[in-house]
Amino acid sequence: MTAPLALDPARTALVLVDLMDRIVALPLEPRKGTDVLHTAGELARSFRAAGAPVVLLRVERPALAEQPPGSDLVAGLREEGDLEIVKRTIGGFQGTGLDARLRGLGVTRLVFGGIATNLGVESTARAAADLGYDLVFVADAMAALTAAEHEASVRLDFPRLGTVVTAADVRLDPA
């Protein structure tokens, strides 16, 4: 973990992955989905207040006429002006137009939270790194199906891709 990280809201977006009722309700570690949702909600409020984009990714299963119950974002998470992106793969970039939307906003840095740390978050982050974005990972705004999966991403993989922080370390400062 690092000291407070000052981020330029004009160049930074918050990306929250799969905060949907059916996923938040799963038995997760090292924290409950409701705890992830609370921290993610606080981050989203601070990003919105600073004028920085909030991106909400949610997954839909391909080739289904109707999605399983609980496939919408958790009620109250999305606010006017947020980007809601529907993905049909583990990661959020493939076939979604997310990169073009972010580039159109002038975004060069992404701050990540969501569920599951080692699946949707990590897959989206790896694609973002390949696309040249600077990455920040908010460890306490994520969870996985097991603590070991979460910790492997946070301690081994994410430091190789970007900067790992806690929500208390995220500060948005105009440049």
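Predicted model: local features only at pLDDT ≥ 70, side-chain atom pairs only at ≥ 80, totals over all residues.
1. Residues are numbered from 1 along each chain as its sequence is written, and side-chain values use heavy atoms, with hydrogens and water left out.

2. Helices (H or I, at least four residues) and strands (E, at least two) are DSSP runs, numbered from the N terminus. H5 covers residues 147–161, and its 15 residues should span 21 Å at 1.5 Å a residue; the end C-alpha atoms sit 20 Å apart, which agrees. The expected span here is 1.5 Å times one less than the number of residues.

3. H5 does have a kink of about 30°, centred on Val154. The bend is the angle between axes fitted to the seven residues ending at a residue and the seven starting there.

4. Which residues of H5 are buried? They are His150, Ser153, Val154 and Phe158, where buried means under 20% relative accessible area, exposed over 50% and partly exposed in between (1.4 Å probe, protein chains only). These residues pack against helix H4 (117–130), strand S6 (134–143) and strand S7 (163–165).

5. H4 and H5 pack at an angle of about 10°, their axes 10 Å apart, and are therefore roughly parallel to each other. The contact (heavy atoms within 4.5 Å) involves Thr117, Asn118, Val121, Glu122, Arg126 and Ala129 from H4, and Glu149, His150, Ser153, Val154, Asp157, Phe158 and Leu161 from H5. Axes are lines fitted to C-alpha atoms, for helices over the stretch in contact, with angles from 0 to 180 degrees between N-to-C directions; under 35 degrees counts as roughly parallel, over 145 as roughly antiparallel, 65 to 115 as roughly perpendicular and the rest as oblique.

6. Thr117 is worth a click: this H4 residue has 0% relative accessibility and counts as buried. Leaving aside neighbours within four places in sequence, Thr117 touches Glu122, Met142, Ala143, Ala144, His150, Ser153, Val154 and Phe158.

7. Gly132, in the loop between H4 and S6, is exposed, with a relative accessible area of 54%. Its C-alpha atom is 9.0 Å from that of Arg109, 23 residues apart along the chain.

8. Over in H2 (residues 33–49), the 17 residues should span 24 Å, and the end C-alpha atoms are 24 Å apart, which agrees. Its buried residues are Gly33, Val36, Leu37, Thr39, Ala40, Gly41, Leu43, Ala44 and Phe47. Gly51 follows H2, with a positive phi near 80°.
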